[in-house]
Amino acid sequence: MKEIILYPTETVYALGVNPLDKKAWQALCALKQRTEDQPASWLIRDIQDIEHYAMVGEAARRIVDHCMPGPLTLVLPAKNTVPSWACSRSGMVSFRMSPDTYAQALIQEHMEQYGAPLTCTSANVHGLPTESSVAKILHQFGASVNLITQVIDGGKRTEMASTVVAISNNQLQILRIGPISVETLAAALG
């Protein structure tokens, strides 16, 4: 199923496909004009979804408990349930748990129907800015816009992209600072 969904999160708009479906992943990469070896984060419902696909140690559990749902992307070592095309070269996979009501309803419905997460990659052509409204996003994709099969318009989104952290062997590495601060992450880890 090559459905590509444009949907809002609490930060910016995202594009969602089933990351476990290689054809859907290839369609998304074609739309974004990016290479297939750049993995996307996954929208999930809860920590049980994360545990199905990744190794969750004590540090990761604390970050999830204190910062998710929220504007955080959590990068963790993938389990063998994740296909090679869906994780980074170093074997990592990343997750988003959005508090946005549109995103929550969408992932709940998608998991019930397909038993799989959705990608949560920014809704833009690779290398271009992420626009704040559906109309501007659709315009940016030009003739490729017909690849988007469903649009959920949640109004303008003007927040900065999520904070991104990687945790491996209970060691946290901050990859990008966003709405969640270093102090908040440190407090979550105790």
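User: Hi! What is the order of the strands in the open sheet?

Analyst: Hello! This is a predicted model, and in it the open sheet has 6 strands in the order β6-β3-β5-β4-β9-β10, with mixed pairing.

User: Which strands stand at the edges, then?

Analyst: Those are β6 (118-119) and β10 (171-176). Each has a single partner strand, so one side of each is left without a neighbour in the sheet.

User: And in which sense do β4 and β5 pair?

Analyst: Antiparallel: β4 (residues 72-77) and β5 (residues 92-96) are joined that way over 5 bridges. To find one of them in the structure, look for Leu76, whose bridge partner in β5 is Val93.

User: Let's switch to helices. Which residues of α5 are buried?

Analyst: Helix α5 covers residues 134-141, and its buried residues are Val134, Ile137, Gln140 and Phe141. They span an arc of only 125° around the axis, which puts them on the same side of α5.

User: Why would residues a few places apart point the same way?

Analyst: An α-helix has 3.6 residues a turn, so residues three or four places apart point the same way.

User: Nice. Which exposed residues are on the face turned away from the buried side of α5?

Analyst: You'll find Ala135 and His139 there.

User: How far apart are Leu6 and Ile137?

Analyst: In sequence they are 131 residues apart, while their C-alpha atoms are 9.1 Å apart in space. Ile137 is also among the residues in contact with Leu6, leaving aside neighbours within four places in sequence. Others in that group include Val134 and Leu138, as well as Tyr13, Ala123 and Ile148.

User: New topic: which residues form the nonpolar patch on the surface?

Analyst: Ile174, Ile177 and Val182 form that patch, and together they have about 230 Å² of accessible area.

User: Where is Val182 found, and why does Val182 count as partly exposed?

Analyst: Val182 is in helix α6, which covers residues 182-189. Val182 counts as partly exposed because its relative accessibility is 43%, and that class lies between the 20% and 50% cut-offs.

Conventions: Residues numbered from 1 in each chain as written. Predicted model: local features only at pLDDT ≥ 70, side-chain atom pairs only at ≥ 80, totals over all residues. Heavy atoms only, no water. Buried < 20%, exposed > 50% of the residue type's maximum accessible area, 1.4 Å probe, protein only. Helix = DSSP H or I, 4+ residues; strand = E, 2+ residues; numbered from the N terminus. Arc of directions from axis to C-beta. Contact = heavy atoms within 4.5 Å. Patch = residues over 30% accessible without salt bridge, like charges linked within 9 Å, V, L, I, M, F, W, Y side chains within 5 Å. Areas by Shrake-Rupley, 256 points an atom, 1.4 Å probe, with all protein chains shown as cover. Salt bridge = Lys/Arg side-chain N within 4 Å of Asp/Glu carboxyl O. Pairing = 2+ DSSP bridges.
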